[in-house]
Amino acid sequence: MAGQKMLTFTKVERDMPEKRPPNLRKEDFGEIYAEYARDKAAEQASRCSQCGVPYCQTHCPLHNNIPDWLRLTAEGRLEEAYELSQATNTFPEICGRICPQDRLCEGNCVIEQSGHGTVTIGSVEKYITDTAFEEGWVKPIRPHLERSESVGIIGAGPGGLAAADMLRRQGVQVTVYDRYDRGGGLLTYGIPGFKLEKDIVMQRMAQLEDGGVQFVLNCNVGEDLSFDAIRGKHDAVLIATGVYKTRDLPDSGAEGIVDAIDYLTASNRKSFGDDVPEFDSGELNADGKRVVVIGGGDTAMDCVRTAVRQGAESVKCLYRRDRANMPGSQREVQNAEEEGVEFVWLSAPNGFEGDAVTGVKVQKMRLGAPDATGRQAPELIEGSDYVEGADIVIKALGFEPEDLPKLWGVDGLEVTRWGTVKADFNTGKTSLEGVYAAGDIVRGASLVVWAIRDGRDAATAMLEYLGQTASVAAE
């Protein structure tokens with residue numbers, strides 16, 4: 001294919017991959033965006049202005065070399081584009097699908113700021129690596145030299161897996177421990193298939209297993225295996241558990257009020273073909289029900305869009321601020337609206353009705369004066385209460401860390417006042433010798449791309465630590 005010239009943004013309009021119509025995509029959990037064709041990917045990549053200060057790269061947590069792999073894509077040099085993309089990102093095909101590009105790379109694109117519409121960076125990133133898998137360019141993990149040192153990683157989410165990949169490529173013996181029966185963490189069980197089809201995650205799991213990473217699944221650290229036992233088996237340990245404790249609401253113990261993570265996990269398990277009694281009984285199934293989701297982040301968007309696909313009678317999302325102040329991706333809000341979700345802005349729950357829930361008591365809010373950060377705090381409008389009918393209420397209020405020192409019975413592991421593990425942000429080093437931490441368990445609930453960044457940084461620091469301890473042992 002002849003290469004495209006760059007800087008075509010003045011005559012080539014921004015064009016996302018085709019999106020399946022709402023009436024069709026509501027019927028299944030398949031991804032809603034089609035793949036770019038090769039010529040279309042090259043055309044869209046050619047819109048990049050190759051600016052001197054690439055803000056897209058600066059605002060990417062991984063600092064991906066975006067302008068260069070866009071140029072290579074435009075020139076038809078896809079294998080080189082893939083090599084450049086994966087040099088800084090362990091899972092570009094996953095980030096291309098689920099990163100909130102509108103808040104990161106694409107939202108800071110220079111031509112977006114000039115009114116020409118951003119380069120579709122995420123879609124091109126996804127296309128490059130999907131093509132690489134199809135063409136066999138994704139090489140197996142084969143270390144040049146096997147090392148005797150071993151690392152135990154607690155948590156098979158994106159942070160733990162990114163670290164496992166880097167460590168294994170350097171010949172380190174890696175064992176990953178996880179509480180679930182499949183690896184991937186929230187990539188597998190927390191994100192619905194319409195955003196990230198599960199075979200995409202499983203092909204990376206297969207690559208890691210084929211490369212020699214050992215997985216110990218269905219393993220609850222502190223119950224099935226102690227933290228001290230893991231420390232004793234390995235030369236270094238990485239804590240990458242993520243944060244799974246759901247933020248709660250007062251008086252929310254009625255039947256039919258469920259946590260987002262339980263609801264999404266049940267749905268994803270069903271997609272795998274697992275036996276899920278809580279789904280089959282209707283407890284975690286929205287079919288035929290009036291659904292109310294409380295929250296405004298991406299997890300809330302995952303819940304409302306899952307409920308639509310399960311055949312809910314109606315789906316409403318309560319959020320205490322307005323659309324402009326919603327923390328979730330605006331793209332996801334739009335997708336949800338297209339699929340029939342109703343957003344009830346400036347609304348907060350104030351209790352529930354029924355032993356088996358029949359409704360949410362709602363208080364209307366207004367936004368007050370901006371605080372020092374410029375964000376407007378919601379204020380209650382007196383006398384505005386009403387009841388929103390509901391058969392199932394899903395709490396999507398965000399996640400908090402579990403109390404790991406107590407859960408694992410470990411002394412000396414320092415945590416912050418928020419309960420996250422206290423660790424150096426650059427290296428992941430904790431208060432315990434040879435123990436590192438990465439991802440949400442350090443920074444709090446955040447993005448997958450940040451977990452990958454943290455996992456890679458921790459792996460680099462652990463390699464240095466292993467090298468130092470090996471040198472001391474040799475003396």
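## Helix α8

Helix α8 covers residues 121–135. At 1.5 Å a residue its 15 residues should span 21 Å, and its end C-alpha atoms are 21 Å apart, so the two agree. The expected span is 1.5 Å times one less than the number of residues. Helices (H or I, at least four residues) and strands (E, at least two) are DSSP runs, numbered from the N terminus. This is a predicted model: local features need pLDDT of at least 70, side-chain atom pairs count only at pLDDT 80 or more, and totals for chains, interfaces and linings use all residues. Residues are numbered from 1 along each chain as its sequence is written, and side-chain values use heavy atoms, with hydrogens and water left out.

Because 12 of its 15 residues are buried, α8 is largely enclosed by the rest of the structure. Buried means under 20% relative accessible area, exposed over 50%, and partly exposed in between (1.4 Å probe, protein chains only). Among the buried residues are Glu-125, Lys-126 and Asp-130. Their cover includes α2 (38–45), α3 (55–58), α4 (66–74), α5 (78–88), α6 (92–98) and α11 (198–210). Gly-136 follows the helix, with a positive phi near 80°.

## Cavities and a pocket

The structure holds three cavities of 30 Å³ or more. On a 1 Å grid over the protein atoms alone, a cavity is a set of points where a 1.4 Å probe fits but cannot get out; a pocket is an open set with protein on both sides within 12 Å along at least five of seven lines; lining residues have an atom within 4 Å of a point. Grid points are joined across faces, edges and corners, and a volume is the space filled by probe spheres set on the points. The largest cavity has a volume of about 120 Å³. It is lined by 16 residues, and Cys-60, Asn-64, Cys-99, Cys-105 and Glu-125 are the closest to its centre. Both α4 and α8 give two or more residues to this lining. α8 gives the most, with three.

The second largest pocket holds about 250 Å³ of space. Its lining has 17 residues; Tyr-82, Gln-86, Ala-87, Asp-165 and Arg-169 lie nearest the centre. Two or more residues come from each of α5, α9 (158–169), α11 and α19 (448–474). α5 gives the most, with four residues.

## The parallel sheet

Five strands form an open sheet in the order β6-β14-β7-β8-β9, with parallel pairing. Two strands pair if DSSP finds at least two bridges between them. β6 (257–259) and β9 (342–344) are the edge strands, each pairing on one side only. Neighbouring strands are turned by 25° against each other on average, direction ignored. Axes are lines fitted to C-alpha atoms, for helices over the stretch in contact, and angles run from 0 to 180 degrees between N-to-C directions.

Strand β8 (residues 314–318) pairs with β9 over three bridges. Contact means heavy atoms within 4.5 Å.

Strands β11 (residues 359–370) and β12 (residues 376–380) run antiparallel, joined by four bridges. Met-365 stands opposite Leu-380. Five residues lie between the strands of this hairpin, where Gly-374 takes a positive phi near 95°.

Thr-246 is found in strand β5 (residues 245–246). Thr-246 is buried, with a relative accessible area of 13%. Leaving aside neighbours within four places in sequence, Thr-246 is in contact with Asp-259, Ile-261, Lys-395, Gly-398 and Phe-399.
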